[in-house]
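Thanks for asking me to look over this model with you. Here are my notes, written so that you can follow them with the structure open.

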Amino acid sequence: MLFSEYQRYQYARSPLIEVICQLRFPTILTINSDEPADFQEAIRQDFPRYAVRKEQAPPKIVGAGGPNPKVEPQPPIANHNFVSTDGLWKINLTKDFIALSTLRYTNWEDFALRLDKPLAQFIQVYQPAFFQRVGLRYLNAISKKRLGLTDLLWDDLIRSPYLGILGEPDVDETKVGRSSLDTEIALEEGVRLKIHAGPGLINGGKQDPEPKFILDGDLSRTGNLTADKVPGTLEELHHYAERFFHGAIMPELHEAMGPTPMAE
């Protein structure tokens, strides 16, 4: 069962390399045109480093279907970055979304606590009418070398639904140049899960040539969600994320990561 209930665990050798929570809202133009000084002041103690990137928006087609359609360039989008002192936590703010990401995830309770203050300050300063999409993404990169499992095949560590051709007994995984699974599935209560799974290199292998098994789960819920609905929605997405991860790994991999049961 891929989405059964599982005991929660803390892993000593967690394969998580990044966790991202993004909340999209109806466009607030002042975020693009004015510096977010009030928002920065409210979160500056936790995210003291600031930078802004100008990102080019895709062009807009005007008059599509008519006799004289035109392609109009759009103004660049300001992506405001607020980064923690150690560089491991980051807030991104644009006219369409706010996001928290981390390269050092320990557990859901810690992540939710770190999200609480900047999200509350964002709501207070900008007063979004509602949130159109709430997303939670867990990016895992499983290393055989780090876990001392180089003598095993991916078929010994990952359950067959996420392996594709690598799960076939007559396929030599060392001879497979590329194999990945991309799936999108609707779950209960309007939740959707996008999955990418398969061996791959981190950042093109520039710093680390070892192929890792990428297990990328992107959970989301859409609709006109008011601010009071966000905490419950995120709890629901996190619950699905844990079930997805535990349903994808074999007992050998679970034990190699150093599990410690967590209190419910």
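Predicted model: local features only at pLDDT ≥ 70, side-chain atom pairs only at ≥ 80, totals over all residues.

1. Residues are numbered from 1 along each chain as its sequence is written, and side-chain values use heavy atoms, with hydrogens and water left out.

2. Start with the sheet. Nine strands form an open sheet in the order S3-S6-S7-S8-S2-S9-S12-S11-S10, with antiparallel pairing. Strand S3 (49-55) and strand S10 (181-186) stand at the edges with a single partner strand each, so one side of each has no neighbour in the sheet. From one strand to the next, the twist averages 15 degrees. Strands here are DSSP runs of E with at least two residues, and helices are runs of H or I with at least four, both numbered from the N terminus; two strands pair if DSSP finds at least two bridges between them.

3. Glutamate 55 has isoleucine 77 in S6 as its bridge partner.

4. How many residues of S8 are buried? Six of its six are, where buried means under 20% relative accessible area, exposed over 50% and partly exposed in between (1.4 Å probe, protein chains only). In a regular strand, side chains alternate between the two faces of the sheet. On one side of S8 you will find Phe97, Ala99 and Ser101, and on the other Ile98, Leu100 and Thr102, all buried.

5. S8 has antiparallel partners in S2, through six bridges, and in S7, through five bridges. Cysteine 21 is paired with leucine 100 in S8, and tryptophan 89 stands opposite threonine 102. S7 and S8 make a hairpin with three residues between them.

6. Strand S12 (residues 212-225) is largely enclosed by the rest of the structure, because 10 of its 14 residues are buried. Antiparallel bridges tie S12 to strand S9 (residues 131-142), 11 of them, and to strand S11 (residues 191-200), 10 of them. To find these pairings, look for glycine 135 with serine 220 and proline 199 with phenylalanine 213.

7. Now the helices. H3 (residues 108-126) and H6 (residues 230-248) pack at an angle of about 150 degrees, with axes 12 Å apart. Axes are lines fitted to C-alpha atoms, for helices over the stretch in contact, and angles run from 0 to 180 degrees between N-to-C directions. H3 and H6 are therefore roughly antiparallel, a term for angles over 145 degrees.

8. Which residues of H3 and H6 meet? Trp108, Leu115 and Leu119 in H3 touch Val230, Leu234, Glu235 and His238 in H6, contact meaning heavy atoms within 4.5 Å. These residues divide into five nonpolar, one polar and one charged.

9. Last, two loop residues to check by eye. Glutamate 189, in the loop between S10 and S11, has a positive phi near 60 degrees without being a glycine, and is exposed at 56% relative accessible area. Asparagine 203, in the loop between S11 and S12, also has a positive phi, about 55 degrees, and counts as exposed at 59%.

Notes
Parallel < 35°, antiparallel > 145°, perpendicular 65-115°, else oblique. Nonpolar A, V, L, I, M, F, W, Y, C, P; charged D, E, K, R; others polar.
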